[in-house]
Structure formats: structure tokens, C-alpha cells
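Biologist: Hi! Please walk me through this one, in plain words.

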Amino acid sequence: MNSSSLSRLFKSFQELTIAVIGDVMLDKYIFGKVSRISPEAPVPIIDVSSQSYRLGGAANVAINIHALGAKAMLIGVIGKDDEAQLLKQELESSGLTGEFLVTDEARPTTCKTRVIAQNHHIVRIDSEERKGISQKVETLILTHLKENSKGLHAIILEDYNKGVLTPSLITKVITFAKKNDIPIAVDPKHDNFFAYQGVTVFKPNLKETSDALGIKFSNTDENIAKACKLLQAKTKAKAIVLTRSEKGVTVFEKSPIHIPTMALEVADVSGAGDTVIGVLSTGLAAGMPILQATRMANIAAGIVCAEVGAVAVDKEKLYNDCLKHL
């Protein structure tokens with residue numbers, strides 16, 4: 001793609017609105033140093049030096065969309081707790097709004113706390129509720145979507161199996177998207193994997209695919225092609241985009257096209273899948289063909305893998321890399 005065409009494409013992102021519905025998370029990082037072993041139990045004592053917060057799950061998808069210049073409408077569930085306030089503060093500092101988040105006092109805000117000492121990940125502490133949301137909360141989510149659907153260019157369902165995307169909600173959102181001719185992309189997890197029927201793009205990773213189909217697929221082009229064909233038959237998705245770690249990604253509509261990874265340096269793969277679905281969906285909403293949009297998303301994943309933790313893609317770097325490789 002030449003520079004003028006790419007410039008027009010990136011400029012067009014500013015005209016897009018994309019809804020992200022799913023499991024919103026707060027990632028907390030505690031950094032410190034191990035200086036001794038506790039006399040109470042054989043565990044290390046961490047002297048805390050700093051702590052920071054980042055957006056995770058569906059919120060990380062939203063900040064990647066926002067980083068490209070598009071408007072992200074984040075719809076999810078939070079609790080009535082300190083973590084909810086911290087999450088809203090992180091959204092605000094990232095240029096996003098929490099106005100479409102539903103507060104459920106019966107659930108905690110999903111929070112993953114990672115303790116890191118001397119560059120080693122010591123432990124992760126999860127605060128969450130994985131049971132399905134109530135009918136009342138589901139209705140509020142659908143209301144947010146329907147009342148703000150004018151000018152909506154795409155919908156992303158971001159599933160981390162934390163209870164927001166119930167089979168009922170999944171079916172209703174897909175039905176609404178089809179009725180209104182809105183492209184819908186899915187990043188699934190094991191629970192409710194095959195509840196996503198007839199979507200525009202279905203984007204699992206290799207492990208999720210193997211677990212769901214009950215077949216251990218090795219990461220070869222031949223086996224991945226078989227996996228994609230089975231997935232498409234079961235989900236009736238228009239396109240399968242299967243991420244393959246160090247082997248890149250495979251796009252399958254009627255036949256497989258394998259795209260090698262663009263990650264030159266891998267510091268952390270956290271959030272790379274969020275970046276892929278966010279950038280891919282933004283590209284599709286802008287009118288890019290699925291193959292070209294996936295190539296751009298693959299380039300974006302390579303960029304974020306060079307950073308530690310879940311981070312949003314750098315738009316300028318993405319533009320420059322797309323100019324070389326798209």
C-alpha cells in the first residue's frame with residue numbers, strides 16, 4: 001500500500017465508532033525486591049518499591065481502538081468498589097469513558113494483581129466473579145448497545161469467561177448486529193465457545209481451538225487449515241482468524257492463508273490478542289478486506305509484543321511498519 005492510500009486509511013479511522021462488549025478488567029502491578037524469607041512460612045517477603053495500574057480484557061481492546069483514532073464504546077460490568085474507581089480513572093487518563101459500564105453491587109470488579117520482584121513474576125492474585133450476569137444487568141447492557149447504535153461501524157465481543165457474555169446475551173447481540181447490518185468480531189474463550197454463530201470474524205488462538213474441538217492440533221500449516229475448516233463448519237462464521245503465537249496467524253474464508261509473525265523481539269505476549277481483535281475490527285470497519293486487515297493486525301501484535309505488559313499499539317509506529325510491509 002502506498003503512502004497516500006495508507007494515510008487516507010489511517011485518517012478514516014477517526015470517523016469510526018466501534019462497540020466493545022465483554023469482560024472489563026483492571027490489571028494491577030506491584031513491583032518490589034525480595035530481601036528475606038518470612039519467619040511465618042517459607043515464602044519470600046516483598047519490599048514494595050512501586051505499583052501501577054493498566055486496563056485489561058475488553059478495556060485493553062478499547063484502548064487499542066482509541067489509539068488508532070477511532071471511538072471505542074466500552075460496554076461491560078464493574079462492581080461498586082475501589083477497583084471500579086481505579087478502572088474508571090485509568091479509562092479517563094487513556095481518553096476513554098466509563099459511561100457505558102454497568103455497576104453490579106453483587107459482583108467485584110475483575111482485578112488481576114501481579115507481584116513482580118527482580119523481574120520475576122512471583123504470584124498473580126485474581127479478584128473476580130465468573131458466574132453469569134443477571135437478567136437485569138444483561139438488559140442494561142443491551143439497552144446501552146441499542147440506544148447508541150446509530151453510526152456504529154462494528155461490534156466486538158471480548159470473552160474472558162468472567163460471566164458478562166452469557167449464551168443469552170451472545171445470541172441477542174449477534175441477532176441485533178445482523179438485523180442492523182453491523183459487522184461483528186469475536187474473541188472467544190472455552191465456555192460458550194460455539195455459542196457464537198454466524199459472526200463476521202471468529203478469532204480464537206490455537207490452544208482455545210484445540211480445547212474446544214477436543215483435538216490436539218500441532219502448529220503446522222496443514223493442521224491449522226484443518227482446524228479452521230472445522231471451526232467454520234461449527235460456527236458458520238464468515239471468516240476464521242486463528243492466531244498461532246510464533247507462527248503468526250491464519251485467515252480462513254474458503255481456503256487458508258498463512259501470515260508469518262511480525263514480532264522481531266518478544267518481551268511479553270500479554271494483551272497481544274486484544275490488539276489483534278481491536279486493530280482487525282477497526283480495519284474491517286474502515287472497509288479493508290479481511291486479509292489486509294489481518295495483516296495490519298499482525299503487524300500491530302508484533303509491535304506490542306516488544307513491550308512489557310498489556311499496552312496499546314503505537315499508531316505512528318504501526319503506520320510506518322504498514323508502509324513497509326502492508
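**Chat about the model**

Modeller: Let's start with Asp-181, which is exposed, with a relative accessible area of 70% (exposed is over 50%, buried under 20%, partly exposed in between, with a 1.4 Å probe and protein chains only). This is a predicted model, where local features need pLDDT of at least 70 and side-chain atom pairs count only at pLDDT 80 or more, while totals for chains, interfaces and linings use all residues. Residues are numbered from 1 along each chain as its sequence is written, and side-chain values use heavy atoms, without hydrogens or water.

Biologist: Where is Asp-181 found?

Modeller: Asp-181 is in the loop between helix 5 (167-179) and strand 9 (helices, H or I, have at least four residues and strands, E, at least two, as DSSP runs numbered from the N terminus). Its phi is near 55°, a positive value in a residue other than glycine.

Biologist: What do most residues other than glycine have for phi?

Modeller: Most of them have a negative phi. Ser-245 also has a positive phi, near 55°, without being glycine.

Biologist: And is Ser-245 buried or exposed?

Modeller: Ser-245 is exposed, at 60% relative accessible area. You'll find it in the loop between strand 11 (239-243) and strand 12 (249-252).

Biologist: Switching topic: how many cavities of 30 Å³ or more does a search of the whole structure find?

Modeller: Two. A cavity is a set of points on a 1 Å grid over the protein atoms alone where a 1.4 Å probe fits but cannot get out, and lining residues have an atom within 4 Å of a point. Volume is the space filled by probe spheres on the points, which are joined across faces, edges and corners.

Biologist: What lines the largest cavity?

Modeller: The largest cavity holds about 70 Å³ of space, and its lining includes Asp-23, Arg-107, Glu-129 and Lys-162. By class, that lining has four nonpolar, one polar and four charged residues (Ala, Val, Leu, Ile, Met, Phe, Trp, Tyr, Cys and Pro are nonpolar, Asp, Glu, Lys and Arg charged, the others, Gly among them, polar).

Biologist: How about the second largest cavity, which elements each supply at least two lining residues?

Modeller: Strand 8 (154-158), strand 9 (184-187) and helix 8 (272-285) each do. The second largest cavity has about 40 Å³ of space, and its lining has seven nonpolar, two polar and no charged residues. Among those lining residues are Ala-154, Ile-184, Ser-281 and Leu-284.

Biologist: At what angle do helix 8 and helix 9 pack?

Modeller: About 145°, with the axes of helix 8 and helix 9 (residues 290-304) 8 Å apart (axes are lines fitted to C-alpha atoms over the stretch in contact, and angles run from 0 to 180 degrees between N-to-C directions).

Technical notes. On a 1 Å grid over the protein atoms alone, a cavity is a set of points where a 1.4 Å probe fits but cannot get out, and a pocket is an open set with protein on both sides within 12 Å along at least five of seven lines; lining residues have an atom within 4 Å of a point.
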